Amino acid sequence: RPRAVRPPRKLAVPRGIPERYRWAVDMLDVRPDDRILEIGCGHGQMIGLICERLTTGHITTIDRSEKMVETARRNNQRHITSGKTEILHQDLLDSKLPPDPFDKIFLFNLNVFWMDPREELAEIGRLLNSSGRFYLFHQPPPGHDLNEFETALRNNLEKYEFAIIDRFKDERDAIRSIALTAEPSPR
């Protein structure tokens with residue numbers, strides 16, 4: 001009698017957090033009491049890394065994609081329950097966030113910031129507290145020059161009155177990203 005052929009079992013592959021996100025969280029230098037805003041949280045992979053470093057602090061994340069927000073909420077339910085994060089379905093320019101509450105605002109790979117981010121930077125300036133910092137992370141597509149994107153991002157920040165405080169570049173394959181830290185000027 002012929003044996004029944006079973007389809008191969010699909011193995012559950014753990015979804016790791018990309019090294020570029022670990023690098024970015026290290027660049028953020030999260031302090032236990034920081035109030036942080038992430039713009040464009042996607043799947044929410046950076047949220048857990050940040051929440052592990054917070055005690056009395058809090059991270060608010062926003063994304064304009066309802067599907068991404070649902071995924072990020074599923075992936076970070078324990079951090080939501082602990083009160084360390086809230087994940088909101090909203091666009092930065094339509095946000096209902098109160099002014100001046102955040103110590104740090106960051107994003108990773110939002111294209112508008114190397115194009116024309118005038119309105120977005122004005123809103124970020126409104127949302128930062130008086131000593132707050134903005135962290136802009138970007139990983140160009142394969143084959144593109146990091147320096148080209150760094151120049152475009154730096155020029156846009158300066159054009160819209162943000163002072164560059166630090167610049168970082170990591171060319172390792174797993175990261176291949178740039179980071180700019182800035183603050184609205186004048187302070």
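Reader: Which residue in S7 stands opposite Phe134?
Author: Ala182 does. Before we go on, this is a predicted model, where local features need pLDDT of at least 70, side-chain atom pairs count only at pLDDT 80 or more, and totals for chains, interfaces and linings use all residues. Residues are numbered from 1 along each chain as its sequence is written, and side-chain values use heavy atoms, with hydrogens and water left out.

Reader: OK. How many bridges join S5 to S7?
Author: Five, between S5 (residues 128-138) and S7 (residues 177-184), and the two run antiparallel. Strands here are DSSP runs of E, at least two residues, and helices are runs of H or I, at least four, numbered from the N terminus. Two strands pair if DSSP finds at least two bridges between them.

Reader: And what is the strand order in the sheet?
Author: S3-S2-S1-S4-S5-S7-S6, an open sheet of seven strands with mixed pairing. S3 (85-89) and S6 (162-170) each have a single partner strand, so one side of each lacks a neighbour in the sheet.

Reader: Which strands does helix H7 touch?
Author: H7 (residues 146-159) packs on the sheet and touches S5, S6 and S7. Contact means heavy atoms within 4.5 Å. The direction of H7 makes about 165° with that of S6; axes are lines fitted to C-alpha atoms, for helices over the stretch in contact, and angles run from 0 to 180 degrees between N-to-C directions.

Reader: Switching to aromatics, how many pairs are there?
Author: Seven aromatic pairs. Rings of Phe, Tyr and Trp (its six-membered ring) pair if their centres lie within 6.5 Å; planes under 30 degrees apart count as stacked, over 60 as edge-to-face and the rest as tilted. Phe108 and Phe137 are a stacked pair, 5.7 Å centre to centre with 15° between the planes.

Reader: Which residues form the aromatic cluster?
Author: Tyr21, Trp23, Phe106, Phe108, Tyr135 and Phe137.
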